[in-house]
Amino acid sequence: MAKWTPFPHAGEFDYTPASLKKQWARLHAGDAEPLPKDAAVLQAWAHYHNGNFQQAAEEGLAAGGDGITVANKATAIYATYLEKKEKTRLDLFMQVAERAQAQAQAEPQNANAWYWNAYALGRYSQGISVAKALAQGLGGKIKESLEKAIALAPKHADARIALGAFHAEVIDKVGALIGGMTYGAKKDVGLKLFQEALKLNPGSAIAMIEYANALVMLEGDKKMQEATKLYEQAAATEPQDAMERLDVEMAQAELED
């Protein structure tokens, strides 16, 4: 594995397996991942929450089983926020998508296997262009995997965010009529998913950011004020781990532009 770009705030978070157990419910309100029983997997999660994404991915893969999920999350979040080279980013997303697909086939009841497959394909689609991805048939796979994740884990806030973003992006790219008829994308469904996600995980900066983006995509300038307010709330959130720190920074950077 080539050396990954380090998390820019090394040392800001210092979770140990013991302290992580205490904060698990709060830190996993987004992905509804159960607390792992395997000590090696818990240690990989501690690396993940501290921002040691490469170590988390390597240790998660080495542990196998539930460790695949931490490896997928660490890789996907790293690729989303920190990888500078576009080709490497896309390659990492495809690695996650393939691993998660194999995991979903082996464990069809594992909500996060379906979720990380969809998340990685969604980010890959944004990288190659949503229109191109839809032409390749990725839209149906993403929607189906996210709906499966929500059915398996009804409190999965992050799957709702991703599915809400799917509805918004499809309508934004192909229009409401074709989006609805061809891909099952609906504006009211998309917006409701974000509202549900924020009810399940009220402090989620990424939920606020993606909801703001969707409002502008679906409603245009008339929702700009509401979107800006959501960005301001996201930027003022107190991050509890490395991923949340990167979300908050993204909101702050957007407001400065």
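Guide: An axis here is a line fitted to C-alpha atoms, for helices over the stretch in contact, and an angle runs from 0 to 180 degrees between N-to-C directions. The model is predicted, so local features need pLDDT of at least 70 and side-chain atom pairs count only at pLDDT 80 or more, while totals for chains, interfaces and linings use all residues. Residues are numbered from 1 along each chain as its sequence is written, and side-chain values use heavy atoms, with hydrogens and water left out.

We begin with helix H9 and helix H11 (residues 187-200), whose axes come within 8 Å and cross at roughly 155°; a helix is a DSSP run of H or I with at least four residues, numbered from the N terminus. The angle makes H9 roughly antiparallel to H11, a term for angles over 145 degrees. Their crossing is left-handed, that is, the near helix is turned anticlockwise from the far one by less than a right angle.

Contact means heavy atoms within 4.5 Å. On the H9 side, the contact is made by Ala157, Arg160, Ile161, Leu163, Gly164, Ala165, His167 and Ile171. H11 contributes Lys187, Val189, Gly190, Leu193, Phe194, Glu196, Ala197 and Leu200. By class, this contact has 10 nonpolar, 3 polar and 3 charged residues; Ala, Val, Leu, Ile, Met, Phe, Trp, Tyr, Cys and Pro count as nonpolar, Asp, Glu, Lys and Arg as charged, and the others, Gly among them, as polar.

Next come helix H4 (residues 67-81) and helix H5 (residues 86-106), which pack at about 160° with their axes 9 Å apart. This angle makes H4 roughly antiparallel to H5, and their crossing is left-handed. From H4, Ile68, Thr69, Ala71, Asn72, Thr75, Ala76, Tyr78, Ala79 and Thr80 take part. They meet Arg89, Leu92, Phe93, Val96, Arg99, Ala100 and Gln103 of H5. Among the residues of this contact are 9 nonpolar, 5 polar and 2 charged ones.

The crossing of H12 and H14 is left-handed. Here Ala205, Ile206 and Ile209 of H12 touch Asp247, Val248, Met250 and Ala251 of H14. The contact of H12 with H14 has 6 nonpolar residues, 1 charged residue and no polar residues.

Conventions. Helices (H or I, at least four residues) and strands (E, at least two) are DSSP runs, numbered from the N terminus. Angles under 35 degrees count as roughly parallel, over 145 as roughly antiparallel, 65 to 115 as roughly perpendicular and the rest as oblique.
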